[in-house]
Amino acid sequence: MNRFTLIDYLTSNSDLDKETIGQIILNCKSSTFAKNEFLLRAGEFCKHSFFVESGLLRQYSIDDKGKEHIIQFAPESWFVSDRESVYFKQPSSFFIQAIEPTTVYLLDEQLILQLSKTNQSFLEFNNKLLHNHIRHLQKRINSLLGASAEERYLDFIKIYPDLTLRVPQILIASYLGITPESLSRVRKDLATKYFKK
C-alpha cells in the first residue's frame, strides 16, 4: 500500500504557496476507515471531498433490483465526492466505502468555497480538479456506451494500473458493466493474445 500525503499532492500538482497549503492542512480533518466501512451512504448529505492518502475507496450506487454499479475507485492520491450532493445540497444517490483500511483527508466545501474566493491560485487548482473529473466521467460514459468489454478492461488497467491485484474480480466486473464470467473470458482472451508462445 502506497502513501501519498495531501501535502505531497498539493506541492506536486499546484502552484499554491506554503502558507495556503498550511492553511488547507490546518483546516482539514484526517480520518481512518476500516475495511468495508462507509464514508457516505445513499440518502445522506455529502459535505466533503475525500482525498485518499492510503488505502482504497469505491463509489457506487444500487439500482431498484439491488444490483451494484461502481462509478469509480479512488486509490492513493485520488479525490472522491458526490458533487451533486455537496454543491446542490441534495441527498446522495451513492455509497462511498473503504475496500481496504483507508486514511483520508476531509476537505470541507466551505473551505473550498472560501479559498476559491480569496486565492486565485487555489481557484485555478480547484477548477483544474473539477474539469479533470468531468473529463474522466465523459470518457467513462463514452466507454460504457460504445467500447467492447476488452477495450473497457484495457482502459481500466490504464486508469488503475495496480488495482487488478487489489480489487476482487466481481468489483472490477461491476465497474466495467459486465458479469464476472465475461471478465474472466476477457482476461483469458487477452492472455492468449499477448502471451501465447
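Trainee: What volume does the second largest pocket have?

Mentor: This is a predicted model, so the value is computed from predicted coordinates. The second largest pocket has a volume of about 150 Å³.

Trainee: Which element gives the most to the lining of the second largest pocket?

Mentor: The lining includes R58, K67, E68 and H69, and also I170, L171, A173 and S174. Two elements give two or more residues to this lining, β5 (68-74) and α7. With four residues, the most comes from α7.

Trainee: How many charged residues are in the lining of the second largest pocket?

Mentor: Sort the lining by class. Five residues are nonpolar and four are polar. The charged ones number three.

Trainee: What is the volume of the largest pocket, and which residues are the closest to its centre?

Mentor: The largest pocket has a volume of about 900 Å³. It is lined by 34 residues. The closest to the centre are W78, L129, N132, H133 and H136.

Trainee: Which element gives the largest share of the lining of the largest pocket?

Mentor: Start with the elements that give two or more residues: α1 (6-13), β6 (79-80), α5 (120-146), α6 (149-159) and α7 (169-176). The largest share is 14 residues. That share comes from α5.

Trainee: Now the rings. How many aromatic pairs are there?

Mentor: Rings of Phe, Tyr and Trp pair if their centres lie within 6.5 Å. By this rule the count is 16.

Trainee: Why is the pair of Y9 and F51 tilted?

Mentor: The ring centres are 5.3 Å apart. Planes under 30 degrees apart count as stacked, and over 60 as edge-to-face. The planes of Y9 and F51 stand at 55°, so the pair is tilted.

Trainee: How many residues apart in sequence are the parts that Y9 and F51 tie together?

Mentor: Y9 lies in helix α1, and F51 lies in strand β3 (residues 48-54). Both residues are buried. The pair therefore ties together parts whose separation in sequence, in residues, is 42.

Trainee: What about Y60 and F95: at what angle are their planes, and what is the pair called?

Mentor: The ring centres of Y60 and F95 are 5.1 Å apart. The planes are at 15°, so the pair is stacked.

Trainee: Which charged end sits over the ring of Y60?

Mentor: Look 3.9 Å from the centre of the Y60 ring. The charged end there belongs to R58.

Trainee: Which residue lies over the face of Y175?

Mentor: Y175 belongs to one aromatic cluster with F73, W78, Y153, F156 and Y160. A residue lies over the Y175 face at 3.7 Å from the ring centre. That residue is R140.

Trainee: Is S31 buried or exposed?

Mentor: S31 is in strand β1 (residues 29-33). S31 touches T102, T103, V104 and L106, leaving aside residues up to four places away in sequence. Buried means under 20% relative accessible area. S31 has 12%, so S31 counts as buried.

Trainee: How far apart in space are D8 and E53, C-alpha to C-alpha?

Mentor: D8 is found in helix α1. With a relative accessible area of 33%, D8 is partly exposed. D8 and E53 are 45 residues apart in sequence. In space, C-alpha to C-alpha, they are apart by 9.7 Å.

Trainee: What is the phi of N36 near?

Mentor: Most residues other than glycine have a negative phi. N36 is in the loop between β1 and β2 (38-40), and counts as partly exposed at 47% relative accessibility. N36 is not a glycine, yet its phi is positive, near 75°.

Trainee: Where does S77 lie?

Mentor: S77 also has a positive phi, of about 75°, although it is not a glycine. At 25% relative accessibility, S77 counts as partly exposed. S77 lies in the loop between β5 and β6.

Terms used. Residues numbered from 1 in each chain as written. Predicted model: local features only at pLDDT ≥ 70, side-chain atom pairs only at ≥ 80, totals over all residues. Heavy atoms only, no water. 1 Å grid on protein atoms, 1.4 Å probe; cavity = no way out; pocket = protein on both sides within 12 Å on 5 of 7 lines; lining within 4 Å. Points joined across faces, edges and corners; volume = space filled by probe spheres on them. Nonpolar A, V, L, I, M, F, W, Y, C, P; charged D, E, K, R; others polar. Phe/Tyr/Trp six-rings, centres within 6.5 Å; stacked < 30°, edge-to-face > 60°. Buried < 20%, exposed > 50% of the residue type's maximum accessible area, 1.4 Å probe, protein only. Lys NZ or Arg CZ within 6 Å of the ring centre and 35° of its normal. Contact = heavy atoms within 4.5 Å.
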